Structures are given as C-alpha cells and as structure tokens.
Amino acid sequence: MNLAPPYPDEPISSALVRGCRHYGLTLGRLLKVAAPSASGQVSFIGAAALSPLADLFEVTPRRLLSEHTVVPYLTAYSPRPVWSKLISSVLSPCAAPISLGSVFKNSFDSTMQRRYCDQCVADDLRTLGESYWRLSHQLPGCFVCVRHDCILRLAPHRIVGRIGAYSLPQDVTGPPCLATMPPSIWHILALRSSETLRRGLHPPLLRSNLHYRNLAEARGWLKRGQHVDTLALRAAIENEFGQATLTAFGIEPSYTQNHWTALFLRKSQSNMTTTSRVLFIEELLATKPVDVGHRPSGPSPKPRLGRDAELAKAVSATRISGVGANERLTLRQLLERCDAFQAYRHSTATTMPMLHAAAAKFQQGAARCRPLAGELFSVPDSSGAWASRSDLVAAGHLIHGREAAARMGIHWYQMKPLRQSGGILSIPFQRRDWYPAFWFDGTDKHLLAQRLRAVRRRPLTQQWAELLKVRALAAGKSSSAPTDHP
Ligand SMILES: [Zn+2]
C-alpha cells in the first residue's frame, strides 16, 4: 500500500489523515496494515518513525524530515554538533525513536492550538479537492497567513502531543486567533519563521553570541569592548516590539539579571537558544541603533562638586557622632551609613577630593577598626601586632589542605569540593590553599559538620567573623585545658 506524498509545507500526520480518507480506513487500521512500526508514534508536527512512513509515501526519510517536519526550523541555529547528532539519530532506521521533546518544548507551548487559514482551505478545495494543515501556520508567533495576509483561525486541537483528532482544516471552524490585524512586525517575523522552516536540512547557521556582539558593535549599538547595559537592551527590545509581540512568540518577560538579550551580546561562542529569539535579536539589530552600552553610575562632572561636598559633610558628621557614641566602624560601614560607598568606590581623590579627604581623616582616627576583609589574611599575634600569611603558616595558624583533610578524616582531594562549595574558608598562599588550624583543633566530625552548616553560604567576611568567634571560644577553652595545637 502507498499513500499520496505530502503537499509542500504539509506535516506528515496531515498526509496520513488524507491517506486514511482515500482508503476509507482509520489511522490505527492504516498504520497496522501499512506501517506497523509507526503505530502510536505519529504526532501532529513531530518527526517519529520516519523510515516506515517514508516507505509508505515512497519518498526518502531525509525528505520527510527536511520538508514535512518543524525540525529544520527548530534546529536552524543549534550548535553544529548538537544538530548533527540529532539529525543522524532521527534518520537512523534502527535507533529507538529519540525524544525531540525538549527541542519542541523550548519553542512550542503545550497549550497552543492548531491554526489554519480559511483562504488557504478555499484555495486547496478548489485546486486539489481536499485541504491540508500547514507547518508554517503552527510556528511560534505565526498568527497571520503570509500568503493571504489574513489572520489565522484556531482549530479545536492542540499542536503538540500525539495526534488525537483526524480532521483536516476543511472540517473545522474556529475563531480568528487575533481580534485585529497585528503590527507589521508580526508579518515580518512570520515570514522569517517560514523561511527558516524552508531551510531544510542545511547545516545550522553558525551564529554564536560573538557574531551578534560584533554585529551590535558594527551597527552602533555598543562601543568596542564596552559592557552591555542589560536594562537598556531589554528596554530597547520591549520598545521595538512591545511585550504583546514577545509573549505571542513565546518569549516570556524575564526579570532576572541574565536577561536573554544580554546573553546574546556576550563574547562567547555559545549559541544555545530558540529560533524565535534569534529572529528577534536579528530584527532588533537591523533597526535604528540605541546606545545600550553600560556606563558606570555616577554624577556628571558639574553637579559632582556639590555632591562631593555633601557626601564629605555627611561622612564627617557620622564620623564625629560615631566617635561620640564610642562606636568602631570599618570605612565601608561608615560610608554605607552615609550612602557614600558607591560614590567613593567609583571616584578618586582627584574627582571627589572632599569625600576622599573625609574618608582619610576617618581612617587615621580611633573610631576606625580594621576591615574584616583585611583580617582574612592576618590575625593579631599575642603582642597585638598583625602577622603576615607566612607568619601564620610558620606559627601553625594556617595548615595545608593535606593536613586539614587528615584531621577531618577525609581524603585530601575532598577538600577541593568543600572549598569550592564555599563551605569552608581557604586562604591562598604560595600557590596552595591553607585552612585556619583552629577549625580542626580538638573537634570531632559532628562538631565540624555543625560549624560548616553555620558558616555555609555566607560571604567570606561573615565566615571569617564566625571563625574568629570559634577561635575565641577555642582560646578560652585552651586556657583551662591546653591542647597541642596553637
Ligand atoms: Zn492563507
């Protein structure tokens, strides 16, 4: 038994349904008779069981995959090794059907309904005597027929999943998927999407993030080497297309720091993304450039003078009141209290002289205490002087990873994951990692685990504060019951 091959742009499932009608069989019966290995595997737009189905249509599996599935659209911008692996495994006749699930899931919303164009249906019925579904109408964000320039209609069946309904577009009636004609960008993107679908099985376009980064620089969006201002780029894409358009194309608003648009303009060779995002970034970079370069925050030169005086005054006032209250602060704590820390950090003694002078005055005064970050690498010895890292190692305050591991009763290579997870403080010195000795003094594993839990996932400075407390406790204990360790 053979079936009439699929029409251009027709999904395999639609051609099967037409075949059923030609022979007066149900799909289950037809597959049982003609392609038993494909039974239960046919989905509306998927690419399963290509070999048996290709035999049924007397075409090659490659042609079915290339012209009658959405795989060319979905993989148009995939990294080449991913693409090769996927295509060869889908085409392999002996391989178990591989799951294209995640590829589909990234682009197709599972609640999406099938779409059709009633003018295409009328044309088909007049010229072919039957109608068929079109792949290009089902692509993400395609709500207009680019051939007839009209709004597509919604059929009462879903796009993804197993084929459950054997209807053709001529059998269904549904409402238009949009109330009014959308902005022209929707037409352009629908056209670009269907062009991408028609690429067939040509190797994917090698467009890494670096490609878009270079394009952005060449077209005036960014200066060479400049960082991207994520917020400005996100605003540019939302202004250009509107949130409704982005949502329609399956691009959900993202309010994380790593907005997808910014990832595009990173200097990297990675290009794992969905086709619709690529189409958006390409359309965006073709429009009039907006400056999306990152600028360090800070006032412009003129008001800076006033700001400098204002902040310096606040720092001095806080310094005096801090001393009055007998309070000890680090410089950072003082500056943060006056909202002057960012300004201080991004300025120099030349650009904000008064603020820097006020800070220097504080640093010479009695209210200033040594910042915790400094303490990371030095602790006071018995005479009250500050010891260097080499002194600490010599005095046994810092021990090497092998010794630390031995005291914990674990293998030394297990120290690395512990250190990398931020669970334990380590101090680099002479290309080795050193650990505070008091961590491991007279502790059983249970107590150590308890300490680890207490300090885990805190900033290093906080960890150090915790450790100093532990050290103070250990010191208190050792005065009544001396231990071997310093
Ligand atoms: Zn149409």
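Where is the place of Ala 190? In this predicted model, local features need a pLDDT of at least 70 and side-chain atom pairs count only at pLDDT 80 or more, while totals for chains, interfaces and linings use all residues. Residues are numbered from 1 along each chain as its sequence is written. With that in hand, Ala 190 is found in helix 9 (residues 184–197); helices here are DSSP runs of H or I with at least four residues, strands are E runs of at least two, and both are numbered from the N terminus.

Ala 190 counts as buried because it has 24 C-beta neighbours inside 10 Å. The cut-offs are simple: 20 or more other C-beta atoms within 10 Å of a residue's own make it buried, 12 or fewer make it exposed, and anything in between is partly exposed, with C-beta atoms placed from the backbone. Ala 190 touches Gly 141, Cys 142, Val 144 and Val 146, when residues up to four places away in sequence are not counted; contact requires the C-beta atoms of two residues, placed from the backbone, to lie within 7 Å. Between Ala 190 and Gly 141, the C-alpha atoms are 6.9 Å apart in space, against a separation of 49 residues in sequence.

The chain as a whole can now be described. The secondary structure of the protein chain comprises 24 helices and seven strands, and 31% of its 486 residues count as buried. Of the contacts with a separation of 6 or more, 73% are between residues 24 or more positions apart.

A nonpolar core is a set of buried Ala, Val, Leu, Ile, Met, Phe, Trp, Tyr and Cys residues joined through C-beta atoms within 7 Å. The largest such core has 73 residues, and Leu 50, Leu 53, Val 70, Phe 143 and Leu 152 have the most contacts inside it. Helix 3 (residues 50–57) gives the most to this core, with five residues. At least three residues come from each of domain 1 (12–197) and domain 2 (209–285), where the bounds are those of an automatic or database domain assignment. A second, separate core of 14 residues includes Ala 312, Leu 334, Ala 358 and Ala 359. Leu 50 itself is in contact with Pro 61, Leu 64, Leu 65, Val 90 and Leu 91, leaving aside neighbours within four places in sequence.

Glu 58, in the loop between helix 3 and helix 4 (61–68), has a positive phi near 55 degrees without being a glycine. Glu 58 counts as exposed, since it has 10 C-beta neighbours inside 10 Å. Asp 339 lies in the loop between helix 16 (331–337) and helix 17 (341–345), and its phi is also positive, at about 60 degrees, in a residue that is not a glycine. Trp 412 sits in the loop between helix 21 (401–408) and helix 22 (415–420) and is partly exposed, as it has 14 other C-beta atoms within 10 Å. Beyond neighbours within four places in sequence, Trp 412 is in contact with Gly 401, Arg 402 and Ala 405.

Finally, confidence: pLDDT is the predictor's confidence in each residue, from 0 to 100. The protein chain has a mean pLDDT of 77, with 73% of its residues at 70 or more. Among its elements, helix 8 (residues 118–127) has the highest mean pLDDT (96) and helix 19 (residues 372–375) the lowest (39). Over residues 370–387 the pLDDT is below 50, and this stretch has 24 contacts in the model beyond near neighbours in sequence. Where pLDDT is low, predicted coordinates should not be read in detail.
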